[in-house]
Amino acid sequence: MRPLRLVAVSAAAAAVLLTAACSATTPTAESTSAASADGAFPVTIEHALGTTTIDAEPKRVATVQWENQEVPLALGIVPVGMARADFGDDDGDGVLPWVADELEELDAETPVLFDETDGIDFEAVADTNPDVILAPYSGLTKDDYETLSEIAPTVAYPEAAWATNWRESIEMSSRALGREEQGDDLVDGIEDDIEAAVAKHPQLEGKSTMFLTHVDASDLSEVSFYTTKDTRALFFEDLGLEAPESIAEASKGTEFSETISAEKVDTFDDVDMIVTYGDDSLVKTLESDPLLSKMPAVANNAIVALPSDDPIGTAANPTPLAISWVLEDYVQMLADAADKADADSANAS
């Protein structure tokens, strides 16, 4: 479930953006805050694409790409603009349900929604006249970053594109907003929610789990999976699960996903459980495949099949607001798979 690719703009387009920024009109969703900033400004943030200095507390916050609106909202700040949700949106309004819940909690209107189908809409971002642009979880290119920085100070990802975990997202955005203490409290609260949910299912402890990428049921000649560089697979650690040695070995590189031939499926003999996107028909396809059916997790039906077009599937990519929204359901699904893995172990003994 990777966000769509980005496109850079030309120098001429960048000039248009600057003109748009100067003549920006007031959007319908003004930034509001539940508390004043607890941090001193200016704030300087280093990231993979440069160094960003924010001179004063931002009053108008824009966010681009996936999830970045969630930290401001969790801290009581309504962005003036944010990316429209292109997948996992159950009612087609461009806003994911956990974001909609937070907007309702803040009694706020929906911010301007940026259509990023063909990449970042720089002119639309400029029209919101932001004081800061947050994108710590993103795939910004250098050109994207430079163009956005002409509009307002822009915070990009700390190390690699699409690899920022939920704690880092909170840390970077809360610091940019001058609300580090609130950010720390937000992390603590999410960790408490995770601990409480996992405590109900002790069978999860230590289960080796892998996350298959979107499986093409018409071609099972290869097995593609997320490495621990991807936030979905990394989140297993928060849930008391473990990366099997096969996945840990594949994660030594820099890629967030890898692919191997199905003929080498015995590589995954150390996998207790599988998470992937799909439905019961996909599970049956895996179970009937002469090679993939040899995987212990497939043979035991220890599979969590997440609907890719449903919010619960989207929320499996852990974000600051989605985690607590999906946690009980997701952990229960994992626990059901763990029970199946345990049942096979008991039968084998």
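**View 1. Lining of the second largest pocket in this predicted model.** Eight nonpolar, three polar and three charged residues make up the lining of the second largest pocket (Ala, Val, Leu, Ile, Met, Phe, Trp, Tyr, Cys and Pro count as nonpolar, Asp, Glu, Lys and Arg as charged, and the others, Gly among them, as polar). A pocket here is an open set of points, on a 1 Å grid over the protein atoms alone, where a 1.4 Å probe fits, with protein on both sides within 12 Å along at least five of seven lines; lining residues have an atom within 4 Å of a point. This is a predicted model, in which local features need pLDDT of at least 70 and side-chain atom pairs count only at pLDDT 80 or more, while totals for chains, interfaces and linings use all residues. Residues are numbered from 1 along each chain as its sequence is written, and side-chain values use heavy atoms, with hydrogens and water left out.

**View 2. The largest pocket.** Look here for a volume of about 260 Å³ (the space filled by probe spheres set on grid points, which are joined across faces, edges and corners). Among its 15 lining residues, Glu159, Ala160, Ala163, Thr164 and Lys229 are the closest to the centre. Seven nonpolar, four polar and four charged residues form this lining of the largest pocket.

**View 3. Thr213 in its loop.** Thr213 sits in the loop between strand E8 (209-211) and E9 (strands are DSSP runs of E, at least two residues, numbered from the N terminus). Thr213 counts as buried because its relative accessibility is 13% (buried means under 20% relative accessible area, with a 1.4 Å probe and protein chains only).

How values were computed: Helices (H or I, at least four residues) and strands (E, at least two) are DSSP runs, numbered from the N terminus. Buried means under 20% relative accessible area, exposed over 50%, partly exposed in between (1.4 Å probe, protein chains only).
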